Amino acid sequence: MEAKYRSRDPARRNIRVDEMNYWVTYPLTTHPYNPEFVTKKALTRFCSSAEAAGFAGIGFTDHPAPSEKWLKAGGHDALDPFASLSFCAAVTDTIRLIPNIIVLPYRNPFLVAKAAATIDALSGGRFTLAVATGYMRGEYRALGVDFEQRNALFDEAIEVILGIWSEDEFTHQGMTFTAKGQTANPKPDPNPPIWIGGNSSLSRRRVARYGNGWSPFPAPRGLAQTAKTPPLETVADLRPMLDELWRFIEEAERDPAEIDVSFGSTAGGDPGSERFDADAQLAAMEELSQLGVTWSGIGVPGDSLDHAVESLERFGESVIR
């Protein structure tokens, strides 16, 4: 079973190992944040540079109310992903808009559906709704959401989003709301892809049930313990997870070729360093492609806008092209 999936994925997905889709997360990834990155000029230049360098997607993290303790312990500040991606849509033409990653239970699902459909419409169908359950109890408390109900809230939200995107007079009895005959326009056509984030078996079952992609996140053993998630550091960690994903996809009678998988690699080192090894990065990408990975996320330095843009250009010239 394992060999069967690994050998068939590149062919069924039409993958060429030299044509991985790359996406980059906006480098507002420190605390305190670099004010240079919180300007119209910076966001415009970064988005345009990423698109010109050949990146297929851009993302923003989702932390509406992090704790000061978390920020001082290595966390990071963040822009609102929906607002930021709306801005990016206006200054780009081809790049996909992929939040990294929306913590779905934080928000009423009707609001998520409206925001996603709006960005998708105004960007010409370039939005991907990447969502996860999250793990930060303090942020859940600050937003008035029950952390212990996060999985139930997540599944309910997906049901509501898909329903309001496709039906008029949509009715749903929710855990915290009642909808009777709701209609929301414009409706996306087709629906934005839904990527499910997370390293757990449950996240992969959700992909098989209603997702269009799986987006696990690198989790060294220490972080994995804090986030209460399976560790994911290497291809050796990823391989059995993918085997399970393809098995769930087959059991759901879905086509693996329709499922994207996003996973990054730092085999080449820091793209912002002159010692960045493009050959090592390309070799890692080929291995991931053979496993069925279709998207690879990278990060670039956030110490200055010039350095971030230089890193995008270096990665574009040496890896993407």
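Reply: We begin with a definition: helices (H or I, at least four residues) and strands (E, at least two) are DSSP runs, numbered from the N terminus. Ser123, for instance, lies in the loop between α5 and β5. This is a predicted model, in which local features need pLDDT of at least 70 and side-chain atom pairs count only at pLDDT 80 or more, whereas totals for chains, interfaces and linings use all residues. Residues are numbered from 1 along each chain as its sequence is written, and side-chain values use heavy atoms, with hydrogens and water left out.

Me: What pLDDT does the chain average?

Reply: pLDDT is the predictor's confidence in each residue, from 0 to 100. The chain averages 92, and 91% of the residues score at least 70. Over residues 1–18, however, the pLDDT is below 50, although this stretch has 36 contacts (heavy atoms within 4.5 Å) in the model beyond near neighbours in sequence. Where pLDDT is low, the predicted coordinates should not be read in detail.

Me: Is Ser123 buried or exposed?

Reply: Buried means under 20% relative accessible area, exposed over 50%, and partly exposed in between (1.4 Å probe, protein chains only). With a relative accessible area of 6%, Ser123 is buried. Ser123 touches Ala89 and Leu97, residues up to four places away in sequence not being counted.

Me: How many residues has helix α5, and what covers its buried residues?

Reply: The expected span of a helix is 1.5 Å times one less than its number of residues. Helix α5 (residues 109–122) has 14 residues and spans 20 Å from its first C-alpha to its last, close to the 20 Å expected. Its buried residues include Phe110, Val112 and Ile119, and their cover includes α4 (81–91), β5 (129–132) and α7 (150–166). At the start of α5, a side-chain oxygen of Asn108 comes to within 2.7 Å of the backbone nitrogen of Phe110. After α5 comes Gly124, with a positive phi near 75 degrees.

Me: At what angle do the axes of α4 and α5 cross?

Reply: Axes are lines fitted to C-alpha atoms, for helices over the stretch in contact, and angles run from 0 to 180 degrees between N-to-C directions. The axes of α4 and α5 come within 10 Å and cross at roughly 10 degrees. Angles under 35 degrees count as roughly parallel, over 145 as roughly antiparallel, 65 to 115 as roughly perpendicular and the rest as oblique. The two helices, α4 and α5, are therefore roughly parallel. Phe82, Leu85 and Ser86 in α4 meet Val112, Ala115, Ala116 and Ile119 in α5.

Note on methods: A polar contact is a pair of N or O atoms within 3.5 Å; within protein, one must be able to donate a hydrogen and the other to accept it, and residues adjacent in sequence count only if both atoms are side-chain atoms.
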